[in-house]
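Dear colleague,

Please find below the structure that I am handing over to you. My notes on it follow directly after.

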Amino acid sequence: PWDRLVGRYGYGEFPADQERQSLAAILDQARQQGIGFLGDQDARVPGSAHPGAHLWDNGSDVLGRLDELLAIRRVGLANFSPAVIPDGTPLYEMERRLVPVYLLHRYQLEAAAKLVGGLRYEYSLKGDEDSELAPVDRETQLTALDALLALLSPTQLALPASLRNVIPPPVLDQQRDREFFKGQTGAPFDHLAPARAGADLVLRELLQPQRLARLNDQHALDPGLPGHEQVLQSVLEATWLNSSKNDPYEHAIRSETNWQVLKRLMSVAADPTAGDVIRASATASLVRLSDRLSDRTFRNDSQAMAARRMILGFLQQLQERPPETSDPAPPGSPIG
């Protein structure tokens, strides 16, 4: 529909005295049909804001389509077997086929993240109608946040039992390339690598500095909308502060996810582009997490002990060398 509209707008012929009105009518028709346009600068960049500007997502109902893709993913993983590769192919090539099935939801996930702190807008000129800016409503933002946090669940990140200990190492003179998961176990398949990749997709979206800044901005303008503090706390409650019991495999996945949360928070706290308020909130989240990890509940937890020590060391470094940032006013000296 957009291509046809552009063709009419760019190549249509109109009487000279009616051209301006005719072109405006085409754009009005596009608005009425819900056809809009935003460029790559509004779609590709990390932290982009418009919930309708995204690549590779599907459907008009972002969250509904995410649920559908997750259901398809579950079926795909449950039925995944050596049948996915031709006879005579090294079995380790199963891992290459596993990546797109396991990460089937990756682009829909990114589209869902744009609902959190999302802002609807369009390119407009003075005199245009219906150019009002509109934040995504509270209920949709919170539903999207819950959907994304659910993707951090060890149950969601775990491989089914049928896929454990079935993918062998690469054969002689062959090795994994960039289309494989990045494992830490050497030649054998790393069963935690998919979970690390899946968790990273969520965390890099939710803890993206510009998204956090928009959440802070929208909450300041409308306290009914979620703020960045709510998102930071929700991420900790879904990971480090989640006390639910898991089997050993899922417990290991929880640990991997926890460390990714920790490193993402440190990254935000030390990011000179994040802004003072966002960095301070990320730092405060680390302080609160450190205090919680000192509780008796975590006394015999080696991961908690190591994390607390790492946080304290990071905070000491941050205090000694705080990020140097400034937000100068635009230049204003008179010209001429």
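Is Arg279 buried or exposed in this model? The model is a predicted one, and in it Arg279 has a relative accessible area of 8%, below the 20% limit, so the residue counts as buried. Arg279 belongs to helix 12, which covers residues 276–293. Its side chain is in polar contact with the side chain of Asp276, at 2.5 Å.

Ser48 is located in the loop between helix 2 and helix 3, and its side chain makes a polar contact with that of Lys114 at 2.8 Å.

I turn next to the aromatic residues. The count of aromatic pairs comes to 5. In one of them, the ring centres of Trp2 and Phe37 are 5.2 Å apart and the ring planes meet at 10°; this angle is under 30 degrees, so the pair is stacked. Trp2 is part of helix 1 (residues 2–11), while Phe37 is in the loop between helix 2 (19–32) and helix 3 (62–78), so the pair ties together parts that lie 35 residues apart in sequence. Both partners are partly exposed: Trp2 has a relative accessible area of 30%, and Phe37 has a relative accessibility of 44%. Together with Tyr123, Trp2 and Phe37 make up one aromatic cluster.

How are the rings of Tyr102 and Phe181 arranged, edge-to-face or stacked? They form an edge-to-face pair, with 5.8 Å from centre to centre and 90° between the planes. Tyr102 lies in helix 4 (residues 94–102) and Phe181 in the loop between helix 7 (154–157) and helix 8 (193–206), so this pair ties together parts that are 79 residues apart in sequence. Tyr102 and Phe181 are both buried.

The largest pocket holds about 1,500 Å³ of space. It is lined by 43 residues, and those closest to its centre are Gly34, Ile35, Gly36, Phe37 and Glu122. Phe37 of the stacked pair is therefore also one of the residues closest to the centre of this pocket. Helix 1, helix 2 and helix 3 are the elements that give two or more residues to the lining, and helix 2 provides the largest share, with 8 residues. Sorted by class, the lining of the largest pocket consists of 19 nonpolar, 11 polar and 13 charged residues.

The second largest pocket has a volume of about 570 Å³. Its lining has 21 residues, of which Phe180, Phe181, Lys182, Ala193 and Ala197 are nearest the centre. Phe181, the edge-to-face partner of Tyr102, is thus among the residues nearest the centre of the second largest pocket. At least two lining residues each come from helix 4, helix 8 and helix 11 (248–269). Helix 8 gives the largest share, 6 residues. By class, the lining of the second largest pocket has 9 nonpolar, 2 polar and 10 charged residues.

With kind regards

Note on methods: Residues are numbered from 1 along each chain as its sequence is written. This is a predicted model: local features need pLDDT of at least 70, side-chain atom pairs count only at pLDDT 80 or more; totals for chains, interfaces and linings use all residues. Side-chain values use heavy atoms; hydrogens and water are left out. Rings of Phe, Tyr and Trp (its six-membered ring) pair if their centres lie within 6.5 Å; planes under 30 degrees apart count as stacked, over 60 as edge-to-face and the rest as tilted. Helices (H or I, at least four residues) and strands (E, at least two) are DSSP runs, numbered from the N terminus. Buried means under 20% relative accessible area, exposed over 50%, partly exposed in between (1.4 Å probe, protein chains only). A polar contact is a pair of N or O atoms within 3.5 Å; within protein, one must be able to donate a hydrogen and the other to accept it, and residues adjacent in sequence count only if both atoms are side-chain atoms. On a 1 Å grid over the protein atoms alone, a cavity is a set of points where a 1.4 Å probe fits but cannot get out, and a pocket is an open set with protein on both sides within 12 Å along at least five of seven lines; lining residues have an atom within 4 Å of a point. Grid points are joined across faces, edges and corners, and a volume is the space filled by probe spheres set on the points. Ala, Val, Leu, Ile, Met, Phe, Trp, Tyr, Cys and Pro count as nonpolar, Asp, Glu, Lys and Arg as charged, and the others, Gly among them, as polar.
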